[in-house]
Amino acid sequence: VFILAIESSCDDTAAAILQNDKVLSNVVANQLIHNQYGGVVPELASRAHQQNIVPVVDAALRKANIQKEQLSAIAFTQGPGLMGSLLVGSSFAKSMAVALQIPLIAVNHMQAHVLAHFIEEDGFDKPSFPFLALTISGGHTQIIKVANFFDMTVIGETTDDAVGEAFDKSAKILGLPYPGGPLIDKYAQLGNPKAFAFTKPKVPGLDFSFSGLKTAILYFIQKKKLENPNFVDENLNDICASIQHTIIEILMDKLKLAVKETGIKQIAIGGGVSANSGIRNTLKEAENKYGWKTFVPKFEYTTDNAAMIGIVGYQKFLTQTFETSSVVSKARIQL
Ligand code: ATP
Ligand code: FE
């Protein structure tokens, strides 16, 4: 089975070719244009998708050394995401599926972040059901109980900002460029995580809150700058390490509670923030510390990519879960 997968939910135009559960090619065109605006500009994103989609799909086919006539089906991201961005991918996928007379498969982007773990990859184990997924990205922070490929229940999620936003907004307060998450990670590796203490939010159950942390950091920095205008420059590594440490503690507290409540000790992380080295190390340590089995996907399958759309496409191909061209894109969808 050869699947062409297309992902265009936000600001990256991506296409991948899978042969069954193996990735033959995985191409992403990043839209750097948004960096100068400090965030994704929806109108610019959909225009860039229109420019990128043909060359990106073409590159995916070429790299996989596959002719489009060999394709078994086309999978695309139905949502959630920016409507203008989603429409570019879905229109393209629909036209190509009609032209080639092959099935069309709609994929939920958040399910794809979870199921990315099922891509066949040397050196990476697949979780077995049931497991807990911690999806941490620019738009989401969720703990999901995964009973089967398409039997997922959100058991905890953020009540305000996503963890990626917490990273990016903290970075902005420190004067770092967008997106600041990877930079906080970089400086944190050189700093002392216990240098500064930020209060953790008190949210009941398995839900999260990150907006209070951002405010706490803002007030802390403002106060310190009054005493020493160079405070941030002089302490950047320690500040970043302390912010990252606090975020990791918040995530770990909830994961421990989720394990306790469900009795499930397999934890699979996904989403762009799972690229964070501190989170990766802490999860690995948790294997010995708590007897968990943890799964961290290959780096290129953590941030938005089409290979993860392709693996969901493959699973849906096996169960013949196809759509007609009248399927609609959705800015919001549940799991
Ligand atoms: P969603 O999947 O919820 O729609 P998204 O697709 O925009 O959101 P991703 O691409 O999965 O989000 O993740 C982007 C986020 O990941 C950004 O907030 C970015 O700062 C953060 N991020 C990426 N690398 C790191 C890192 N090493 N440390 C911390 N955060 C990181
Ligand atoms: Fe995403």
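1. Strand 6 and strand 9 run parallel and are joined by four bridges. In strand 9, I267 is the bridge partner of L132. Strands here are DSSP runs of E, at least two residues long, and helices are runs of H or I, at least four long, numbered from the N terminus. Strands pair if DSSP finds at least two bridges between them.

2. A word on the basis. This is a predicted model: local features need pLDDT of at least 70, side-chain atom pairs count only at pLDDT 80 or more, and totals for chains, interfaces and linings use all residues. Residues are numbered from 1 along each chain as its sequence is written, while chains are lettered from A and ligands numbered from 1 in the order written.

3. Strand 6 (residues 131–136) also pairs with strand 7 (residues 141–148), antiparallel, over six bridges. A hairpin of four residues joins strand 6 to strand 7. L132 stands opposite K145. A133 stands opposite I144.

4. Is strand 6 mostly covered or uncovered? Covered: six of its six residues are buried (20 or more other C-beta atoms within 10 Å of a residue's own, C-beta atoms being placed from the backbone). F131, A133 and T135 cover one side, and L132, L134 and I136 the other; all are buried.

5. The unreviewed UniProt entry annotates residues 22–310 as "domain: Gcp-like". That span is 46% helix and 17% strand, and its end C-alpha atoms lie 9 Å apart.

Methods:
UniProt positions renumbered as here; feature names shortened; annotations may be inferred. Buried ≥ 20, exposed ≤ 12 C-beta atoms within 10 Å, placed from the backbone.
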